[in-house]
Amino acid sequence: MSIREIVIISGKGGTGKTTLTASLAAVAEEGKILADADVDAPNLALLLHPEETFREPFRGMSVAEVDRARCTGCGVCEESCRYDAIHVRDGKAVVDEGFCEGCRVCLHVCPEQCISLKNFERGTIRRGDTALGPLWHARLNPGGENTGLMVALLRKEARKEAEASGAQLILTDGPPGIGCPVTSSVTGADFAVIVSEPSRSALSDLRRAAELCGILSVPFGIVVNRWNLSEELTDAIRTTCGDEGWSLLGTIPFDVKIAEAVGAGRIPAEEMGGDLPELWRSIQKTGRLKR
Amino acid sequence: MKIAVASGKGGTGKTSISASLVLARPENLALDLDVEEPNLSILLGAFEGGVLPVTMPIARIEGSKCVECGKCARSCVFGAIAWMGAGFPVINDSLCRGCGLCPRVCPTEAIYEEDQTVGEVRSGTCGGIPFLEGRLRVGSVNTVRVIEETVKKAKAFNRTDWLMDCPPGTACPVAASLRHADLALLVTEPTPFGRSDLEGMLELTADMNIPTALVINKTGIGDLSLDDLCTRFGVEVLARYPFSRSAAECGARGESPFKTDAGWAEITRTLWSRIERRYS
């Protein structure tokens, strides 16, 4: 039995990715590994309450370091840097570590050869046991680069553990947007669930997320969360799905009880009622059909 | 003053509150820096203006000049140049970050750079308000490049007051936006998720040494206290917007609650007067 990896994304932030990921984990009966790929705003642990079993610093790419004693402040490095990550201040070159990609251009151009690369800790990778299965999660240091690399590493760990333990499912809580960490979360996954909500902003973002899945050749389906906040816009999403040939997997209502459960750090599986197991069946069915 | 509206967690109301602040002070230049999902224009009204492409250099190899030495492949830290030990190296476009190292190490000038479009900047007015928006091309991962190009274009507008709607998260895209701010206005919600991501944002603005203040949105839908974070980071709450179903519905239709909800508009005006009193 091969491992199926399902990633939950949204385009727009705050549509309910994390809440849905945890709730699906609560109804999916197969052995599973969970992963939180929203590494710069990770929240899945707040619903799953893992007991930590492993923690390791994440180094990512190295960054440039200037030997201040030898730097003449000539500014050649600043002119050559494409990432605006090195500047001459008070006569010496200073590296902005959050922006440095470690590409080595400054090392190459420096006439004094006074720049080198150093290791740079960009965050922490963690594993914990939860009632629903092992959780791999991470925390990027604020302002950090390399989110894509960090996500790739998390997914690799989750897959390794799934292979070793015989788990059949990897459920990944993805980041918002369509950039680096999203591309890294979706590439090579078996199926993407795009969580939308009935608003013009979310519909615009849904189109971009769906286009990205298309570019990455990952099959996807759509969930409309809080559908009853605007029946008119839910209908608009439904029509768009029909026109574009996208699978509408199901809907979840807005209910204060769901918000209250999440507020108390609890998975709102019960509050979502019968819609939830039905949604999970729909994800499984569509995911299998589209493989 | 240049104000950055940021949040950490997505969906806390950055764009709604940015739009309201701009509508209350239309002399501000409105900047949508959430280039992966730009939505500010939806709330501001019809866009009039032009679209400029954002490009980034990408490496190319001229076969006739290449001596097949492999120096370019060995120098690339992104692993974007494949070389099998003989023959021409091959560049993988999606991994090339346009750093410009390989043209410099090539002994025969066989590598040149070609511009590739990674996004666009829309520049003009939105509902009559001066407006700029960055928009990442779907499939590109060069978020920061599009943000920087948008800011560069904004500088040419010669306006002293900016209102920047920033990307979610706490990673490089939001840091790239905050670099240009005199004040970070962090929009959060009183829930465990909102609180956790706010903490990351407060660490970031403290690291970057940017004056910071809070706006708590959707009060009533959660009631988690943020007081200890305010004390620890020395920040003040400048406004609290209660959760209101009608404001949410109005935002969903693409209308700013500033225009339709008197209570919301009043909170926004008070927020402005507090910002002006304390930070200008």
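Begin with chain B, and colour separately domain 1 (2–46 + 160–279) and domain 2 (63–109), the two parts given by its domain assignment, where the bounds come from an automatic or database domain assignment. The centres of domain 1 and domain 2 of chain B, taken over C-alpha atoms, are separated by 44 Å. This is a predicted model, in which local features need pLDDT of at least 70 and side-chain atom pairs count only at pLDDT 80 or more, while totals for chains, interfaces and linings use all residues. Residues are numbered from 1 along each chain as its sequence is written, and chains are lettered from A and ligands numbered from 1 in the order in which they are written.

Staying with the whole of chain B, its C-alpha trace spans about 70 × 40 × 35 Å along its principal axes, and its secondary structure comes to 11 helices and 11 strands (DSSP runs numbered from the N terminus, with H or I over at least four residues for helices and E over at least two for strands). Of the 280 residues of chain B, 51% count as buried, that is, with 20 or more other C-beta atoms, placed from the backbone, within 10 Å of their own.

Next, select the strands of chain B that form an open sheet of 9 strands in the order 3-6-7-2-8-1-9-10-11, with mixed pairing; strands pair if DSSP finds at least two bridges between them. Strand 3 (47–61) and strand 11 (236–242) of chain B are the edge strands, each with a single partner strand, so one side of each has no neighbour in the sheet. Neighbouring strands of this sheet are turned by 20° against each other on average, direction ignored. Within it, strand 6 (residues 111–126) and strand 7 (residues 129–136) of chain B pair in the antiparallel sense over 8 bridges, and the partner of Arg122(B) in strand 7 of chain B is Glu133(B).

Finally, move to chain A, where 9 strands form an open sheet in the order 3-8-9-2-10-1-11-12-13, with mixed pairing. Strand 3 (51–58) and strand 13 (247–252) of chain A stand at the edges with a single partner strand each, so one side of each is left without a neighbour in the sheet. Strand 12 (residues 220–225) and strand 13 of chain A run parallel and are joined by 5 bridges, and the bridge partner of Val223(A) in strand 13 of chain A is Gly250(A). To end, show helix 7 (residues 200–215) of chain A, which packs on the sheet, touching strand 1, strand 11 and strand 12 of chain A, with its direction at about 170° to that of strand 11 of chain A.

How values were computed
Two residues are in contact if their C-beta atoms, placed from the backbone, lie within 7 Å. Axes are lines fitted to C-alpha atoms, for helices over the stretch in contact, and angles run from 0 to 180 degrees between N-to-C directions. A residue is buried if 20 or more other C-beta atoms lie within 10 Å of its own, exposed if 12 or fewer, and partly exposed in between; C-beta atoms are placed from the backbone.
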